[in-house]
Amino acid sequence: MIALPPPAIEATAATGFAPVLDNEYRYHIEQQRDDAGAVRRYTTDRSVRFRRTADGLVADMVIETVDGSLSGGPGAMFERAFATLRGRPIRYRLSDRGEVTDVIDRAAIWSALVDAIAAQGGSDPAKSAMLARLTAPLRAMPERQQVAMLGSMLTNLLAPDVLRLGVQPERPVRRPGAPPFGAGSEVTGTERIHAEGRELIAEERLTGDIAATGGRPGGRRTSSMVRAVDAATGMIVRQTSTVRIESGNAISIATTRITLRRPYGI
């Protein structure tokens, strides 16, 4: 008699995604940006819990902490806006492949985010007017794009694509360049996936030319990303990504680290 694999393993093999249900995953995310020696840091902690309902798979995510700031301008405004969601559960509907299909109360959450950006004008009429122009297209953003933007806070903790691919030898990759790369450009590099114990390790390195825009010179962008993924669930255990941009005499390096602290007890 042939023993059948446990349901979780079957699900993972078929979809690349089988998180432990009713279990709290806790992640620590740390970002550092070095712009010509000026270093900024930003950290945040998030918790995620998956459940199976009559309507399918759902995930409840909570932003637990936010500390620091990476940038000025619109980047800082969005960071401060997302910080206003701290402690507020965000509920996602997911496909069995780990794709976000909807955000419950999306309209209310999106409105709160946009309002938090607009409120940063305070009593300064000029700044308030500038923020009104900035938030107008955000308020009119199509629902699908809102779901994608809100969903990215969850999907950057998941890696079902790595499990679906499985072990892959190193191979060259060539892809069309998307912004900030120039139109018609190509991004080239290498990628591979190998196994280490209960984890799959996915490595990717890409390089391409950045288009000159708005009076700013073009440059060269090099990125690397290493993801350690739990082969039983499709959840990221560790991830380090680095982006280096050389433009003229200026060099910018941004590094992001994601670490699973529970249930691994890190």
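Student: With which side chain does the side chain of His-194 make a polar contact?
Tutor: This is a predicted model, in which local features need pLDDT of at least 70 and side-chain atom pairs count only at pLDDT 80 or more, while totals for chains, interfaces and linings use all residues. Residues are numbered from 1 along each chain as its sequence is written, and side-chain values use heavy atoms, with hydrogens and water left out. A polar contact is a pair of N or O atoms within 3.5 Å; within protein, one must be able to donate a hydrogen and the other to accept it, and residues adjacent in sequence count only if both atoms are side-chain atoms. At 3.0 Å, the side-chain partner of His-194 is Glu-196.

Student: At what relative accessibility does His-194 count as buried?
Tutor: His-194 lies in strand β7 (residues 186-196), where strands (E, at least two residues) and helices (H or I, at least four) are DSSP runs numbered from the N terminus. Buried means under 20% relative accessible area, exposed over 50% and partly exposed in between, with a 1.4 Å probe and protein chains only. His-194 therefore counts as buried, since its relative accessibility is 16%.

Student: Which two arginines make side-chain polar contacts with Glu-191?
Tutor: Glu-191 also has its place in strand β7, and it counts as buried because its relative accessibility is 17%. Leaving out residues up to four places away in sequence, and taking contact as heavy atoms within 4.5 Å, Glu-191 touches residues including Pro-169, Val-173, Glu-203 and Glu-204. Its side chain is joined by a polar contact of 2.7 Å to that of Arg-171, and by one of 3.0 Å to that of Arg-175.

Student: Which residues have the most contacts inside the largest nonpolar core?
Tutor: A nonpolar core is a set of buried Ala, Val, Leu, Ile, Met, Phe, Trp, Tyr and Cys residues joined through side-chain atoms within 4.5 Å, and the largest one here has 45 residues. Helix α3 gives the most to this core, with six residues. In soluble globular proteins, nonpolar side chains tend to be buried together. The residues with the most contacts inside the core are Phe-50 and Tyr-92.

Student: What distance separates the C-alpha atoms of Ala-76 and Ile-117?
Tutor: Ala-76 is found in helix α2 (residues 73-83), and it counts as buried because its relative accessibility is 4%. Ala-76 and Ile-117 are 41 residues apart along the chain, whereas their C-alpha atoms are separated by 9.7 Å.

Student: Which backbone nitrogen does a side-chain oxygen of Asp-124 reach at the start of α4?
Tutor: Helix α4 (residues 125-139) has 15 residues and reaches 20 Å from its first C-alpha to its last, close to the 21 Å expected. Leu-131, Thr-135 and Leu-138 are buried in α4. At the start of this helix, the oxygen of Asp-124 comes to within 3.0 Å of the backbone nitrogen of Ala-126.

Student: Which residue in the hairpin of β4 and β5 takes a positive phi?
Tutor: Strands β4 (residues 90-94) and β5 (residues 100-103) run antiparallel and are joined by three bridges, where pairing requires that DSSP find at least two bridges between two strands. One of the partners in β5 is Asp-102, which faces Arg-93 in a bridge. Five residues lie between the strands of the hairpin, and the residue with a positive phi, near 85 degrees, is Gly-98.

Student: What is the phi of Asp-105, and is this residue buried or exposed?
Tutor: Most residues other than glycine have a negative phi. Asp-105, in the loop between β5 and α3, takes a positive value near 60 degrees. With a relative accessible area of 58%, Asp-105 is therefore exposed.

Technical notes. The expected span of a helix is 1.5 Å times one less than its number of residues.
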